[in-house]
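Colleague: I am new to this structure and would like a short tour. Could we look at it together?
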Amino acid sequence: MPLDKPKNAFTLPALPYADNALEPVISAKTISIHHGKHHAAYVAKLNELIAGTAYDGLALEEIIQKAAKSEKDKAIFNNAGQAWNHDFYWQSMAPKGGEPAGKIKDALQSSFGGVKEFKDAFQKAAVAQFGSGWAWLVKGKDGKLKITTTSNADTPVAHGEMPLLAADVWEHAYYLDYQNRRPDHVKDWLDKLANWSFAEKNL
Ligand SMILES: [Fe+2]
């Protein structure tokens with residue numbers, strides 16, 4: 001008899017702040033739909049898909065890495081990737097993000113030539129990501145920071161890289177507040193919401 005629930009069911013992580021804490025850049029309405037509907041649906045679907053399979057009982061990162069190697073498990077990859085990416089995204093923002101300082105500022109300086117240079121390059125990459133996806137600040141294998149983008153549910157975790165920060169550039173992340181103005185959203189996200197103490201912890 002098929003199981004209707006995995007042994008290790010994933011749960012939707014709570015937001016680290018109130019729904020309205022990121023206003024005016026991201027409205028309470030956007031946050032409540034994004035977290036309570038989109039993110040919740042990825043977690044629920046993942047639980048449904050892994051019940052009774054070889055994925056049941058694995059950590060989320062292990063599910064992502066295993067499913068990345070199997071075309072038939074694309075749906076598991078997509079929902080596991082989105083569950084991980086969203087959890088990381090909520091932590092990548094803070095109500096008063098402010099400007100990078102200390103070790104993370106030094107790392108941005110040495111990898112990109114300065115904070116402004118980093119922001120310009122990140123914004124450009126996020127805007128150039130065609131369709132749905134993510135923009136990431138990651139630590140490369142050479143120890144330098146770099147900017148990457150991924151499509152849909154893809155994630156640096158699938159490629160053995162540890163991200164420092166993630167910006168969701170799916171339209172569901174900004175459309176109610178910025179409509180088609182992704183460049184403005186990403187600029188405000190970097191200037192007002194990026195969580196530099198979280199980024200520094202991931203260094
Ligand atoms: Fe999203």
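Modeller: Let us start with W136, which is buried with a relative accessible area of 0%; buried means under 20% relative accessible area, exposed over 50%, and partly exposed in between, with a 1.4 Å probe and protein chains only. Please note that this is a predicted model, in which local features need pLDDT of at least 70 and side-chain atom pairs count only at pLDDT 80 or more, while totals for chains, interfaces and linings use all residues. Residues are numbered from 1 along each chain as its sequence is written, and side-chain values use heavy atoms, with hydrogens and water left out.

Colleague: How many aromatic pairs does the structure hold?
Modeller: The structure holds 10 aromatic pairs. Rings of Phe, Tyr and Trp (its six-membered ring) pair if their centres lie within 6.5 Å; planes under 30 degrees apart count as stacked, over 60 as edge-to-face and the rest as tilted. The rings of F88 and W136 have centres 6.2 Å apart and planes at 40°, so this pair is tilted.

Colleague: And where do F88 and W136 lie?
Modeller: F88 is in helix α3 (residues 74-91) and W136 in strand β1, so the pair links distant parts of the chain, 48 residues apart. Helices (H or I, at least four residues) and strands (E, at least two) are DSSP runs, numbered from the N terminus. F88 also counts as buried, at 5% relative accessibility.

Colleague: What about the rings of F122 and W189?
Modeller: Their centres are 6.2 Å apart and their planes at 5°, so F122 and W189 are stacked. F122 belongs to helix α5 (residues 115-128) and W189 to helix α7 (residues 182-193), so the pair ties together parts that are 67 residues apart in sequence. Both F122 and W189 are buried.

Colleague: Which residues do ring pairs link into a cluster?
Modeller: The cluster consists of W84, F88, Y89, W90, W134, W136 and F198.

Colleague: Back to β1, then. Which strands does it pair with?
Modeller: Strand β1 pairs with β2 (residues 145-151) in the antiparallel sense over 7 bridges, and with β3, again in the antiparallel sense, over 6 bridges. Two strands pair if DSSP finds at least two bridges between them. W134 has T150 as its bridge partner in β2 and D168 as its bridge partner in β3.

Colleague: How many residues of β1 are buried?
Modeller: Of the 7 residues in β1 (residues 133-139), 6 are buried, and the strand is mostly covered.

Colleague: Changing topic, what are the protein donors of the iron ion?
Modeller: They are H34 (NE2), H86 (NE2), D168 (OD) and H172 (NE2), lying 1.9 to 2.1 Å from the ion. Donors are N, O and S atoms within 2.8 Å of the metal (3.2 Å for Na, K and Ca); water is not among the atoms, so sites may look incomplete.

Colleague: Which parts of the chain do H34 and H172 tie together?
Modeller: H34 lies in helix α1 (residues 28-50) and H172 in the loop between β3 (162-168) and α6 (175-178), so the pair ties together parts that are 138 residues apart in sequence. H34 is buried, at 1% relative accessible area, and H172 counts as buried at 18%.

Colleague: Last one: what does V43 touch?
Modeller: V43, which is found in helix α1, touches F10, T11, L12 and A83, not counting residues up to four places away in sequence. Contact means heavy atoms within 4.5 Å. V43 is buried, with a relative accessible area of 5%.
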